[in-house]
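Dear colleague,

I am handing over the structure below, and I would be grateful if you could look through it alongside the notes that follow.

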Amino acid sequence: MIPLRLESFDETEVLLTDAAELDEIRRLARAEGRAEAEAEQAAATRRAELDLAETLSRSLQDMAFAWNGAREEMLAELDPLLRQILGAVLPAAAMAALGPLVAEAVAPLAATATARPLRLVLHPEDMAALRPHLPAPTFPLIIDSDPQAPRGAVRVLGGAAETRVDPSAAVTEILSALDDLFTLNQELRHG
């Protein structure tokens, strides 16, 4: 091989090298450069992944806060509307259900009633809602109007058994659950 002469900027030194040695130096320099580039690329990729994860995390937190804020505002706006609707609809629905529910409770007791009459105890104002739903009087039945009895509730007494039909209690429980929902939401918002 022909030796390669490299120019030296130091006037006293002249370097001679052969092509094989020069190729080996180039190969080692390329390998070192490639390793450094791969390490830099891996570090840049890790930084980009961490930045993306941090950005995604912030975005998800922002969305969660926005969703919770929108939910709280929606519930706060719905509170009076739901109370008004349920306050108007549920009592009427409970009153409409009173007669059929009492008839349903009386039917099995009427089948077994013999000499001892069934007794219904209800508020006088509930009488009109109940009468059309009672079965034909083929059994002894006493209907007691008691002004002290709660509105929307009927006690059915048959021998030793007593059944309380009280759809208005369900209305009270529903409205109480609605109060609890909005109270809890307000406590979470402010607490």
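Of the 16 residues in the largest nonpolar core, those that touch the most other members are Val102, Val106, Leu120, Val154 and Val156; such a core is a set of buried Ala, Val, Leu, Ile, Met, Phe, Trp, Tyr and Cys residues joined through side-chain atoms within 4.5 Å. At least two residues of this core come from each of H1, strand S3 (118-122), helix H2 (127-130) and strand S5 (154-158), and H1 gives the most, with six residues. In soluble globular proteins, nonpolar side chains tend to be buried together.

Please keep in mind that this is a predicted model, in which local features need pLDDT of at least 70 and side-chain atom pairs count only at pLDDT 80 or more, whereas totals for chains, interfaces and linings use all residues. Residues are numbered from 1 along each chain as its sequence is written, and side-chain values use heavy atoms, with hydrogens and water left out.

As to the overall architecture, the protein chain has three helices and six strands, which follow the pattern β-β-α-β-α-β-β-β-α along the sequence; helices (H or I, at least four residues) and strands (E, at least two) are DSSP runs, numbered from the N terminus. Buried residues make up 20% of the 191 residues in the protein chain, where buried means under 20% relative accessible area, exposed over 50%, and partly exposed in between, with a 1.4 Å probe and protein chains only. Among the contacts (heavy atoms within 4.5 Å) with a separation of 6 or more, 58% are between residues 24 or more positions apart.

Turning to the sheet, four strands form an open sheet in the order S4-S3-S5-S6, with mixed pairing; two strands pair if DSSP finds at least two bridges between them. Strand S4 (141-145) and S6 are the edge strands, each pairing on one side only. S3 and S5 run antiparallel and are joined by four bridges, with Arg119 standing opposite Leu157 in S5. S5 and strand S6 (residues 161-165) also run antiparallel, joined by five bridges, and the bridge partners in S6 are Thr163 for Val156 and Val165 for Val154. The hairpin of S5 and S6 has two residues between the strands, and Gly159 takes a positive phi near 65° there.

S5 itself is mostly covered, since four of its five residues are buried. If neighbours within four places in sequence are left aside, Val154 is in contact with Leu98, Val102, Leu120, Val121, Leu122, Thr163, Arg164 and Val165.

Leu101, which is found in helix H1 (residues 19-112), counts as partly exposed because its relative accessibility is 34%. Residues up to four places away in sequence not being counted, Leu101 touches Val165 and Pro167, and the C-alpha atoms of Leu101 and Pro167 are separated by 8.4 Å, although these residues are 66 residues apart along the chain.

His123, by contrast, lies in the loop between S3 and H2 and counts as buried because its relative accessibility is 12%. Leaving aside neighbours within four places in sequence, His123 is in contact with Asp146, Pro147, Ala149, Pro150 and Arg151.

With best regards
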